[in-house]
Amino acid sequence: MHRPSFSVMGSTSDGSLRTTNVSVAVVKSTSYDVKRGGAKTFMLATDDSPAARVAFALLVTKLATPATNDAIKIFTAVGGERGEDIVAKYAAECARLGFAKCETRAECHEKRVEAGESVSDAILKAARAWEADALLLGTNAFSSKTLGSVSDGCAQEARCTTIVVKDPRV
């Protein structure tokens, strides 16, 4: 018997996510105001883990297109030089692929913890500020909960379409 990962995932999806040896994307569509046609705003929340890199690859190869002027927003809760290096790497790749609209933000999570804000809270706050149509993130955890605490928190609370990608090596 599989435990549900978040309220909209059934046992088949949950079981597939737990047992597969290929990359899996779980999509929870919660958007209230979905834009029809035209440019979309996609946000990637990354810690530069393998799962986050798979989510980025999905984003730039299958979802966003430079031709429709889609915007890509890159967010990390990793602070300091490492956080700046992470977002700079993703921004450079967006530019190389022809995405003219790419914005980044690195925020130090340690300061947020002191204020009582979780990483998922910070991600959701950025998604709202950027008015993201879709939020992508990887999941690295595998325990009694299929999703890690950050991806589960975002999937539960996001008000935009949320795509959680599992790297099969995890």
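## Exercises: surface, fold and a pocket

The chain has an accessible surface of about 8700 Å², and carbon and sulfur atoms hold 52% of that area. The model you are looking at is predicted.

**Exercise 1.** Work out the secondary structure of the chain: how many helices and strands are there, and what pattern do they follow along the sequence?

*Solution.* Start with the count: the chain has six helices and six strands.

**Exercise 2.** Find what percentage of the chain is buried, and what share of its contacts joins residues 24 or more positions apart.

*Solution.* Take burial first, with the cut-off at under 20% relative accessible area. Of the 170 residues in the chain, 46% are buried. Next, keep the contacts with a separation of 6 or more; 74% of these are between residues 24 or more positions apart.

**Exercise 3.** Describe the second largest pocket: what is its volume, which residues lie closest to its centre, and which elements line it?

*Solution.* Begin with the space inside, about 290 Å³. The lining has 17 residues, and Thr46, Asp47, Val119, Ile123 and Val150 are the closest to the centre. Now look for elements that contribute two or more residues to this lining: they are strand 3 (71-76), helix 5 (119-129), strand 5 (134-139) and helix 6 (149-157). Strand 5 supplies the largest share, three residues.

**Exercise 4.** Sort the lining of the second largest pocket by residue class.

Notes: Residues are numbered from 1 along each chain as its sequence is written. This is a predicted model: local features need pLDDT of at least 70, side-chain atom pairs count only at pLDDT 80 or more; totals for chains, interfaces and linings use all residues. Side-chain values use heavy atoms; hydrogens and water are left out. On a 1 Å grid over the protein atoms alone, a cavity is a set of points where a 1.4 Å probe fits but cannot get out, and a pocket is an open set with protein on both sides within 12 Å along at least five of seven lines; lining residues have an atom within 4 Å of a point. Grid points are joined across faces, edges and corners, and a volume is the space filled by probe spheres set on the points. Helices (H or I, at least four residues) and strands (E, at least two) are DSSP runs, numbered from the N terminus. Ala, Val, Leu, Ile, Met, Phe, Trp, Tyr, Cys and Pro count as nonpolar, Asp, Glu, Lys and Arg as charged, and the others, Gly among them, as polar. Buried means under 20% relative accessible area, exposed over 50%, partly exposed in between (1.4 Å probe, protein chains only). Contact means heavy atoms within 4.5 Å. Accessible areas come from the Shrake-Rupley method with a 1.4 Å probe; for residues, only the protein chains shown count as cover.
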